[in-house]
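Subject: Structure handover

Dear colleague,

Please find the structure below, for you to take over. My notes on it follow directly after.

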Amino acid sequence: MTASAREFPSNFLFGAATAAFQIEGAAHEGGRRDSIWDAFCRVPGAVINADNGDVACDHYHRYRDDVALMTSMGLQTYRFSTSWSRVRPDGGPVNEEGVDFYKRLVDELLDAGILPWLTLYHWDLPQALQEKGGWANRDTADRFTEYALDMHDALGDRVNVWTTLNEPWCSSFLSYTAGVHAPGHYSAAEGMLASHHLLLGHGQTVRELRARDASLNLGITLNLTVADPANPNEPADLDAARRIDGQFNRWFLDPVFRGAYPADIVEDFRAADAEATAALEAAILPGDLAAISTPIDTLGVNYYHGEMVGGRAPEVIPRVGEAPTDRPGNSPFPSSENIHWYERGLPRTPMNWEVQPEGLTRLLVRVSEEYAAPAGVALFVTENGAAYDDERVIENGEVRVHDDDRVDFLRLHLAAILDAIDAGVDVRGYFYWSMLDNFEWAWGYEKRFGIVRVDYDTQLRTLKDSGREYSRIIGERALDLAPATVAR
């Protein structure tokens with residue numbers, strides 16, 4: 001470590017993250033049955049190249065090698081999800097063979113000295129439950145709570161950190177309103193209902209797990225953004241930014257921390273679709289918001305980029321960041337009229353996502369001040385990463401993957417976290433997304449997020465330069481002010 005390095009707090013955890021459907025494979029092994037994503041992958045035009053999760057990274061069979069890779073990198077914690085479709089196929093009885101896989105995985109992590117960070121739901125709802133209405137059906141929240149308690153029965157003696165949901169904005173509005181994620185519906189009402197029932201399942205699960213064991217670290221992970229007006233002096237631009245912030249951030253933060261949905265957004269929804277809003281209000285039963293706001297210990301923040309929006313169409317139309325599939329998508333925002341995105345000249349990844357690390361600092365400061373700190377809740381950055389078109393090369397007989405852009409992305413966002421910590425924010429850890437290249441939802445296998453490259457034909461794993469740099473930073477527990485040259 002150099003004298004000019006910025007050190008991380010002594011309790012700061014360095015990790016990486018994945019999700020079950022994206023890496024496990026073994027889609028029809030061990031008693032697993034279809035999830036909504038298995039079904040969606042079969043919809044013509046829904047996923048690029050009609051890719052699916054049947055094999056993915058074959059993590060189901062190769063988890064020991066993958067944990068050994070984590071150990072070699074010095075990872076302190078690993079965030080993974082359990083598959084509802086593997087544990088309770090079709091939403092039915094517990095499948096012991098599926099549970100046993102996660103017991104083996106957790107034991108492997110513990111033997112390696114790596115903290116298991118378990119997420120209960122990362123979008124793989126059993127298809128049989130979707131056929132009963134999915135998350136638009138209130139009963140799914142109860143079925144989720146049952147599944148969560150089954151997982152605690154199996155792993156409660158060895159897993160202390162429990163995250164209920166990953167990115168409920170995606171599994172509600174992006175999935176039931178925009179139609180671009182499974183199950184691919186185009187309904188404002190279903191998106192609103194799904195958002196409420198997801199949060200209800202979260203609250204019920206936290207309440208039940210807390211009653212079982214008060215020592216558990218319980219939380220939820222939200223994908224959050226920074227919404228900036230194109231012109232801060234233009235009322236229409238300010239209103240567009242307010243509505244994006246409200247529908248993306250506050251719609252989930254407010255009920256979890258304050259026990260109420262944001263009133264301004266409810267009225268925006270009503271103006272856009274009165275019938276759908278009435279259906280939502282009828283679905284919110286007495287006691288629901290009290291359950292949803294059951295105190296948590298940890299808030300996971302997933303951040304990839306911010307938004308710049310205005311109230312009128314820009315002269316320069318920004319590049320689109322969605323997967324170029326053949327199946328059309330709608331806006332995920334029920335209140336979308338007169339909201340337009342602006343190009344602001346920031347660097348972009350090959351997925352056309354802006355690279356905006358300073359937005360992460362602002363986001364963490366805002367979330368801490370307005371939500372987490374008053375509630376005594378710790379913050380973790382549970383996902384942050386970028387897809388770049390890296391390539392394997394052979395140098396001196398060794399396989400290498402040079403991904404300088406991802407190295408820069410990693411360093412810039414770790415620096416942004418240190419800026420937030422310097423501003424007084426209690427950020428306790430960082431999980432790079434993703435540990436492995438994997439199935440990237442509607443993008444299929446077209447885009448690679450991993451710090452470990454996966455050759456999908458051979459399943460060969462290769463640590464990229466970004467993984468080497470992350471390992472070096474973990475070892476030194478510090479970030480050099482001047483970018484280090486990755487060993488070549």
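Predicted model: local features only at pLDDT ≥ 70, side-chain atom pairs only at ≥ 80, totals over all residues.

Residues are numbered from 1 along each chain as its sequence is written, and side-chain values use heavy atoms, with hydrogens and water left out.

Overall fold. The protein chain has 16 helices and 17 strands; these are DSSP runs numbered from the N terminus (helices H or I, at least four residues; strands E, at least two). Its C-alpha atoms fill a box of roughly 65 × 55 × 45 Å along the principal axes.

Helices 7 and 9. Helix 7 (residues 139-155) packs against helix 9 (residues 188-212) at about 35 degrees, with the axes 8 Å apart. Axes are lines fitted to C-alpha atoms, for helices over the stretch in contact, and angles run from 0 to 180 degrees between N-to-C directions. The contact (heavy atoms within 4.5 Å) includes Phe144 and Leu149 from helix 7, and Leu200 and Arg212 from helix 9. By class, this contact has six nonpolar, seven polar and four charged residues (Ala, Val, Leu, Ile, Met, Phe, Trp, Tyr, Cys and Pro count as nonpolar, Asp, Glu, Lys and Arg as charged, and the others, Gly among them, as polar).

Helices 15 and 16. Helix 15 (residues 404-422) and helix 16 (residues 465-476) pack at about 30 degrees, again with axes 8 Å apart. That makes helix 15 roughly parallel to helix 16 (angles under 35 degrees count as roughly parallel). Among the residues that meet are Arg406 and Leu410 in helix 15, and Glu469 and Ile473 in helix 16. This contact has five nonpolar, one polar and six charged residues.

Three strands form an open sheet of mixed pairing, in the order 7-9-10 (two strands pair if DSSP finds at least two bridges between them). Strand 7 (227-229) and strand 10 (340-341) are at the edges with a single partner strand each, so one side of each lacks a neighbour in the sheet. Strand 9 (residues 307-310) pairs with strand 10 in the antiparallel sense over two bridges, and glycine 310 stands opposite histidine 340 in strand 10. Helix 10 (residues 235-258) packs on the sheet and touches strand 7, strand 9 and strand 10; its direction makes about 135 degrees with that of strand 9.

Regards

Definitions and conventions: Parallel < 35°, antiparallel > 145°, perpendicular 65-115°, else oblique.
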